[in-house]
Amino acid sequence: DPSKYKFRIMRQNLVESSEVLNEQIEIFTKLVQAHLKLTDSDFGDPTIQSQNVIYAVGRIVPDSPSAEGFLNEQSLSLETSRLNGIGRRIRLKLDNISDTSLFVGQIVALKGSNANGEAFLVEDILDMPYPDAPVSTEEDINLYKNSLKGESAKIVVTAGPYFPDNSLDISYLSDFVERVNNESKPHIVIMYGPFIDVTNSMIMEGRIPTFPHLKVQPRTLDELFTRLVLPILKNINPKIQVILIPSTRDVSSNHSSYPQDSFDRKGLQLPKNFKCFTNPSTFQLNETFFGCSNADIFKDMKEILKGGDISMRNRFDRIAEHMLQQRRFYPVFPGSLRSITVPAKNENSKKIHKHISGVDLEVSYLGLTEFVGNFAPDVIMVPSDMSPFARVVKNVVFINPGKFVKARGARGTHAQISICCPNLEDRKLTKLENDEVLYLHNVWKRSRVDIVGN
Amino acid sequence: HGSNSLQPLETTISDMERFKDSSNLELHCPNCSQQFVFGGVIASNFYQMCYNGLQCKKCEHIFTPIQLSCQLESIIRAHISLYYAGWLVCDDMTCGNVTRQISVFGKRCLNEGCTGVMRYRYSDKQLYNQLLYFESLFDCAKNKKQELKAVYYEGDKDYPKEKLSESSVMVLTEQNRELFEINRAVIEKYLSNCGRRYVDMGGIFDFMTN
Ligand SMILES: [Zn+2]
Ligand SMILES: [Zn+2]
């Protein structure tokens, strides 16, 4: 519901934030209880000394509030909910666990005991249930099939920045628009911000050149968008639907925290074929559910790994599984920070860390970053600074289209997705028979993703 | 909220008092990379306001409007981002816990046995005041009345060698009115979405009705 994103920013409230963090643990306690068919008495308070083996649900946190940098399996604690352990934290002993991946902010369900009151000895880390996949009725499938006329749905996905760090050369974007209009001709183009990045070093240092081809020079960054970027975006064929998803580093948004409100389409003078969505957002194109989030979880999640088997697996797969199990697009807490080291002005003091940006979580509203309706989208697209990829994890297609332009100005990448038209006759959809006949979309079986150089 | 209504209305606090913790606006010269503090239409060894804009004294480059407004905007955004980094501090002086972790009881200190109360180190009030401080720098009336917070103090090594006469301040402010309005609009873009502004209005309303 986009109207829920219309909140005023710069108004963090510690009590509200903590309520949301508490609620996350309580929601998962119920989920785990139902999934494993446990009774209330199977759960216990892991922070209290007891010989009994109990189940406990909580958040993975560092064992010290001042912990910084890399953590290891010896430096983790479990935070309990208000209800289950009066919010106390207990050190974890993971000696008996052979293969696991944990991260700070993760909600986990553990089995074990606290024999000496000092630590909770973990016997087992329980698998969080994966969310269900979305389904459609026979009627809806036929409707989508007719509207597509049997053709595949073609989607192109890009992610900013669209300028390098050392020039405001926009020619890659205009080349791209040419290609979209004349070669790839997709039904939909999904473009992630940042379009104009407040942390671009030219902008931070004021090194904006004059633009000889512009009659009127832009006086602000908002005008830079309307005079430089907008005319190129307007060249996209009006028959192609364009979806814009902002970044918290976008100049063109005055809502700079995550979850983030959509761009103001009219304010930015975008044409009618443009739709502005929130960050994150979940939406349906024909039968396919897309989950889009512009917070770089693939870069920010720092796992604590134990065991050889898990370490051998692809890191993106592990993070994708974490996201699915946690049922939210950015499950790490506290979120990432980016700072640079600058020499101190005073000769006596050392270098100082200057804050540049971060994921800028609006903790009170993290509920908006959870999977809508408690099911996993068919396709999840999260742009990342890491190398671009497309992978199927637990039957969900995960895509990182890569940056449009690399920092030093080299051409980046975008993603092209093609999804075969849903067809009840070709047996690619799985029929589920309960009270009502429903079909799993199996988009992962019917789609092809190409990461294409710009 | 009995104790709240005894506090002075925010509008009656002087800028000097209100902005005492606000950070300076530090600019880069796009031409020679000199870094300096911008403090409005004042005397400075590093820059001057001339009749057609902000001029670097080191290389004489005159900033284009966007070369100034883009730095102001990226600095505002860095402040908002730092605010969202969510650093907390414990109010117990003997504890000194500084962390980004939040207990499920938000105000509880995570150091064992500490009874102190946690609060955001960068408060929304401080952020709001920071934006108002930036706004004051581009406020023509305040510039003319020379009511801005001082950025250089006597005895500093950067204390300006030359003075700026009152009449020069008046003339230069008027000549840069359009430039200042451009920058004020940039600040207004963020103030208009700032929760604190509405908290303040709510507070005033409560004060009048109670
Ligand atoms: Zn200069
Ligand atoms: Zn404390």
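## Chain A meets chain B: a short briefing

D222(A) forms a salt bridge with K189(B), the closest N and O atoms being 3.0 Å apart; a salt bridge here is a side-chain nitrogen of Lys or Arg within 4 Å of a carboxyl oxygen of Asp or Glu. Welcome to a predicted model, in which local features need pLDDT of at least 70 and side-chain atom pairs count only at pLDDT 80 or more, while totals for chains, interfaces and linings use all residues. Residues are numbered from 1 along each chain as its sequence is written, chains are lettered from A and ligands numbered from 1 in the order in which they are written, and side-chain values use heavy atoms, with hydrogens and water left out.

**Polar links across the interface**

- The rule finds two salt bridges across the interface of chain A and chain B.
- Between chain A and chain B there are 29 residue pairs in polar contact, both residues at pLDDT 80 or more. A polar contact is a pair of N or O atoms within 3.5 Å; within protein, one must be able to donate a hydrogen and the other to accept it, and residues adjacent in sequence count only if both atoms are side-chain atoms.

**What chain A brings**

- Five elements of chain A each supply at least two residues of the side that touches chain B: α1 (14-36), β1 (50-62), α5 (201-204), α6 (221-233) and β16 (352-358). Helices (H or I, at least four residues) and strands (E, at least two) are DSSP runs, numbered from the N terminus.
- The largest share of that side, seven residues, comes from α1(A).
- By class, this side of chain A has 24 nonpolar, 23 polar and 16 charged residues. Ala, Val, Leu, Ile, Met, Phe, Trp, Tyr, Cys and Pro count as nonpolar, Asp, Glu, Lys and Arg as charged, and the others, Gly among them, as polar.

**Extent of the interface**

- The contact (heavy atoms within 4.5 Å) takes 63 residues from chain A and 54 residues from chain B.
- About 4800 Å² is buried between the two chains, 58% of it on carbon and sulfur atoms. Buried area is the accessible area (1.4 Å probe) that two parts lose on being put together, summed over both.
- In chain A, M10(A), Q12(A) and L14(A) lose the most area to chain B, together 18% of what that side buries.

**Backbone details in chain A**

- The peptide bond from G193(A) to P194(A) is cis, with omega near 5 degrees, and P194(A) sits in the loop between β9 (188-192) and α5 of chain A.
- Another cis peptide bond runs from Y258(A) to P259(A), with omega near 0 degrees; P259(A) lies in the loop between β10 (241-245) and β11 (274-276) of chain A.
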